[in-house]
Amino acid sequence: MTPDDAKTREELLAEVQALRARLERSGGAFGSGRGSEGAPCLDAQQRAFVEDQRLVWRCRPDGALTFLNDAARRFFEQEPDELIGGSSLALVAEPDRATAQAHLGALGSAKPAGVLEHRVVGASGARWLLRVDQVLLDPDGQVVEVETVARDVTEQHDTRSELRLREATLRTFFKSAAEAIVGVDRDGRIVLANPQAEAMFGHERGLLVGQRLEALIPDRARGAHTRHQADYFHEPRNRSMGLGLTLTGRRKDGSEFPIEVSLTHIPDDSGGLAMAFVTDISERMARDRQARHVEKLAALGTLAAGIAHELNNPIGVIQSRIELMLMDLEGQEKPESAADLHVLHRHARRLGRIAQGLLSFGRERQPERRPIDLNEVVEDTLVLTGKQLNRDGIHTVTILHDGLPRMVGDPTALEQVLMNLLLNARDAMPGGGTVRIESALGAAPDNIRLIVSDTGEGMTPEVLAQIAQPFFTTKSRGTGLGLSVSYTIIRDHAGTVEVQSEPDRGTTFTITFPCLSSPVVRLSQ
Amino acid sequence: MGCRILVVEDDPDLRETLARLLGRSGYTCLTASSGSDGIRAIEVESPDLVVTDLHMPGTDGLAVMRCAREQVPPIPIVLMTAYPTPEAQPEVRPMILLAKPFANAQFLGAVRQALGNSRQ
């Protein structure tokens, strides 16, 4: 209860009425006509005002309630007798009372009105009220009464909370989305850009917004894009941009990369926003390229197998006939003919090996493990690639160690390794040059070496450090797989690789294998 | 040895070479230039061994092989192919798979092995 407990309620009412009467005579703040209980003649408008859904109550400066309208009574579900005289603060829900008290305390002649939102506990539980408090002043500027008009704004409040939550959620999503998101207005200006978009296009944080969308597109694509943009805003719908086309994005440093874009339109009062979700598809395109390359290899393999098959028959006839002829010559003194036939036979066998190599190309097969002559591998590889290297202006110098100890392995796989190195050497010498292929004894006993060196553009230490990685390539058409496969093959043969390279000086690959007699080989079998 | 060997091969040069080689080694050689001729020859002549190419136009070596196997007793087979494929390894005994091109000595070895197997 308030400090004025002593006074009866009736005395308080009488006091207020007297004050009102005084005010009405002197034209007080609230004007005429409004009254508390028992006051004469509310006009229709005022009655409506008081009796509508708005809650109205009044209290004295110390907070003692003097009046509540019907709506307020219904809202708080209490008899007026119980409320009148009580503190208006009792109407406020407890957590908000301190704020309400401060708010009311601040009202006075300098600040005759104020607005506050707070919770109350009404008939149907906790609700949010929006209240306007106005003070009634006496001629001396003292507060005589405070009138409060309040509305239940629970729904709007909840909506606002929900809106805030949704905004916060959207903002989080926008910031943390994996894709780059750019929002553009119909004038083509970027109004939204998330951190992924800034990073993808190489712009500093916060500096992409405000720029024109053209900044993200290569010059040559701008004309078409402006038209598309106009079309889109004219008839906006959610879709993928440029279906089937390769779109290109442009970074701040001018570099370009392939992208996929899907568009969503967000309407607003000024033509709406086009939201673009951008994905960098460079990696996917590289993988597709690689898959196509593998398919091409497979097709080539099938073709090669077909050719080999066709070759094997005539090679067989030649070989067998020569052997028959050699049998016929037995006992006859025709050493030159016999020698000639032996030469022919040797070449027929070589043709057979080549056909065998073609058959193995591109075919999934179990790698062989048998004693092989590295020199023969070199010779056979040059048979396959020699002509092509010549055409590309590459001169090959071959120095093979006579009597090179044999090693264990798969000749076809090693041919693949050598071919890969030779083709890389060719690519390093676009204007032609020399490749040197050497077989030699290893530095350590029981080892042999294969050395392939070129006089080409060489590699920087940074590039050198990465050449064995799959998918690493410095060539625009490269798949980046050749060397990594070669390294795997070398490893499978218990071999090691050493690379020396200097820009503009050339590159040398030194591959070391254990030979047949090496304990390493015997252990691994 | 007196063994009669049927050579089924569509390439005439290879056919002739093998015939000469077999003749020189003491075998009697019969030849067929196609799969269907080969099957007829098997049924009519009952050779001791069939040497057949795998890939031939029309009836292929597998059909020839099946026919040889169905004879009573089954006739041993040497199958020649320029391209040893996985499917050319059916469960047939006795059968030797010979990859082209081969040395004459290899061929004779295969013939001897096939004849030897069938005698077990």
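Two strands pair if DSSP finds at least two bridges between them. Helices (H or I, at least four residues) and strands (E, at least two) are DSSP runs, numbered from the N terminus.

## Basis of the model

This is a predicted model: local features need pLDDT of at least 70, side-chain atom pairs count only at pLDDT 80 or more, and totals for chains, interfaces and linings use all residues. Residues are numbered from 1 along each chain as its sequence is written, while chains are lettered from A and ligands numbered from 1 in the order in which they are written.

## The sheet of chain B

Chain B holds an open sheet of five strands. Their order is β2-β1-β3-β4-β5, and the pairing is parallel. β2 (28-32) and β5 of chain B stand at the edges. Each has a single partner strand, so one side of each lacks a neighbour in the sheet. From one strand to the next, the twist averages 20 degrees. Axes here are lines fitted to C-alpha atoms, for helices over the stretch in contact, and angles run from 0 to 180 degrees between N-to-C directions.

Five bridges link strand β1 (residues 4-8) of chain B to β2(B) in the parallel sense. One of the pairs is B:Arg4 with its bridge partner B:Thr28 in β2(B).

## Helices on the sheet

Contact between residues means that their C-beta atoms, placed from the backbone, lie within 7 Å. α1(B) lies across β1, β2 and β3 (49-53) of chain B. Its direction is at about 165 degrees to β2(B). α2(B) also packs on the sheet, where it touches β1, β2 and β3 of chain B. The direction of α2(B) makes about 165 degrees with that of β1(B).

Helix α2 (residues 35-45) of chain B packs with helix α3 (residues 61-70) of chain B at an angle of about 10 degrees. Their axes are 9 Å apart. That makes the two helices roughly parallel; the cut-offs are under 35 degrees for roughly parallel, over 145 for roughly antiparallel, 65 to 115 for roughly perpendicular, and oblique for the rest. From α2(B), the contact takes B:Gly35, B:Gly38, B:Ile39 and B:Ile42. From α3(B) come B:Gly61, B:Ala63, B:Val64, B:Cys67 and B:Ala68. By class, six residues are nonpolar, three are polar and none is charged. Ala, Val, Leu, Ile, Met, Phe, Trp, Tyr, Cys and Pro count as nonpolar, Asp, Glu, Lys and Arg as charged, and the others, Gly among them, as polar.

## Cis peptide bonds in chain B

B:Val72 and B:Pro73 are joined by a cis peptide bond, with omega about -5 degrees. B:Pro73 sits in the loop between α3 and β4 (77-81) of chain B. The bond from B:Lys100 to B:Pro101 is cis too, with omega near -10 degrees. B:Pro101 belongs to the loop between β5 (95-99) and α4 (104-118) of chain B.

## Where the chains meet

Chain B gives 14 residues to the contact and chain A gives 15. On the chain B side, helix α1 (residues 12-24) supplies the largest share, six residues. That side divides into seven nonpolar, two polar and five charged residues.

## Strands and turns of chain A

β15(A) and β16(A) run antiparallel and are joined by seven bridges. A:Val435 has A:Asp454 in β16(A) as its bridge partner. The two strands form a hairpin with five residues between them. On its other pairing, β16(A) meets β18(A) through eight bridges, again antiparallel. There A:Asp454 bridges to A:Thr507 in β18(A). Six of the eight residues of β16(A) are buried, so the rest of the structure largely encloses this strand. A residue is buried if 20 or more other C-beta atoms lie within 10 Å of its own, exposed if 12 or fewer, and partly exposed in between, with C-beta atoms placed from the backbone.

A:Asp446, in the turn of the hairpin, has a positive phi of about 65 degrees. A:Asp446 is partly exposed, with 17 other C-beta atoms within 10 Å. A:Asp504 is not a glycine either, yet its phi is positive, about 70 degrees. Its place is the loop between β17 (496-502) and β18 (506-514) of chain A. A:Asp504 counts as exposed, with 8 C-beta neighbours inside 10 Å.

## A buried helix in chain A

Helix α12 (residues 411-427) of chain A has 17 residues, 13 of them buried, so it is largely enclosed by the rest of the structure. At 1.5 Å a residue, α12(A) should span 24 Å. Its end C-alpha atoms are 24 Å apart, which agrees. The expected span is 1.5 Å times one less than the number of residues.

Note on methods:
Two residues are in contact if their C-beta atoms, placed from the backbone, lie within 7 Å.
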